[in-house]
Amino acid sequence: LTRRSQAPATANEEDFTLRMAYRILASHASPPRAVVNKNGILQVQYLLPVWENQLPEEQARPVVEVYAKGKPLVVLISTAAEQIEMVRAQLEYEPYTLVVFTSDQEALSYIRSNGGIDVIVVGTVFLRMSSQELCAAIREEYTLGQLPILLIREKQLSDLNESLLERVNDVIVEPFSQALLLQKLKSLVMLKKSIDDTMKAKLDFLQSQMDPHFIFNTLNTIM
């Protein structure tokens with residue numbers, strides 16, 4: 001397997017699958033090995049790491065990938081390596097900035113300190129907090145319109161907890177195509193922008209209605 005020097009702007013499904021497979025294999029310490037079995041069939045062998053309850057400190061740090069300044073900021077919270085690589089590959093040539101977290105506490109700290117996030121994508125997590133607890137913690141500080149959440153699930157909507165569905169804006173079921181992911185992200189980004197524009201318009205209107213003389217007289221009365 002070799003990395004292409006430059007992928008086309010509109011890659012087909014086969015190119016995407018090969019890029020994602022290469023990224024997953026390249027992320028492991030053991031390189032793939034090609035052998036021919038006794039039946040004359042070519043086989044590719046590789047080792048996968050065993051999941052540990054606690055990720056090493058260097059892996060728990062966020063991975064920031066900035067593709068272009070001013071593009072929508074997407075935060076992915078997941079502990080599934082294949083899922084992370086799939087989302088990363090699907091957004092690699094798209095106008096999004098991706099930040100990946102494998103730690104729930106670091107993700108929440110980043111979310112609380114960063115007001116420029118457009119969409120939160122909650123994937124498969126094996127952390128101290130479950131997906132429901134993670135979404136509940138985000139909703140304690142942000143409404144559905146202020147910070148949209150896209151939930152990645154392996155099951156259909158009928159199998160999801162109702163309280164969890166009330167805290168997320170949309171759900172995408174694995175396996176999903178790149179086109180579906182981009183469609184959902186675009187809709188949520190537009191939703192947040194619409195809410196932000198509405199709030200800004202209300203604040204501008206209130207400021208325009210404020211009478212400087214009334215404020216001055218009020219302050220003089222208080223003093």
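Start by selecting Arg88 and Glu85 and showing their side chains: the two meet in a salt bridge, 2.7 Å from N to O. That term covers a side-chain nitrogen of Lys or Arg within 4 Å of a carboxyl oxygen of Asp or Glu. Helices here are DSSP runs of H or I with at least four residues, numbered from the N terminus.

Turn on a surface next. Are these two side chains buried or exposed? Arg88 is buried at 7% relative accessible area, and Glu85 is buried too, at 12%. For the cut-offs, buried is under 20% relative accessible area, exposed is over 50%, and partly exposed is in between, using a 1.4 Å probe and protein chains only.

Before you move on, a word on what you're looking at. This is a predicted model, with residues numbered from 1 along each chain as its sequence is written. Local features need pLDDT of at least 70, side-chain atom pairs count only at pLDDT 80 or more, totals for chains, interfaces and linings use all residues, and side-chain values use heavy atoms, leaving out hydrogens and water.

Next stop: helix H7, residues 178-209. Pick Lys192 and Asp196, whose side chains form a salt bridge at 2.9 Å, N to O. They are 4 residues apart in the helix, about one helical turn. Lys192 counts as buried, at 9% relative accessibility, while Asp196 is partly exposed at 34%.

What do they form? Another salt bridge, with the closest N and O atoms 2.9 Å apart. Lys193 is exposed, with a relative accessible area of 53%, and Asp197 is partly exposed at 39%. Across the whole structure, a search finds 5 salt bridges.

Last, colour by pLDDT, the predictor's confidence in each residue on a scale from 0 to 100. The chain averages 76, and 63% of its residues reach 70 or more. Select residues 1-11: pLDDT stays under 50 there, and the model has 10 contacts beyond four places in sequence for them, a contact being heavy atoms within 4.5 Å. Then try residues 64-68, also under 50 throughout, with 14 such contacts.

Key
Helix = DSSP H or I, 4+ residues; strand = E, 2+ residues; numbered from the N terminus.
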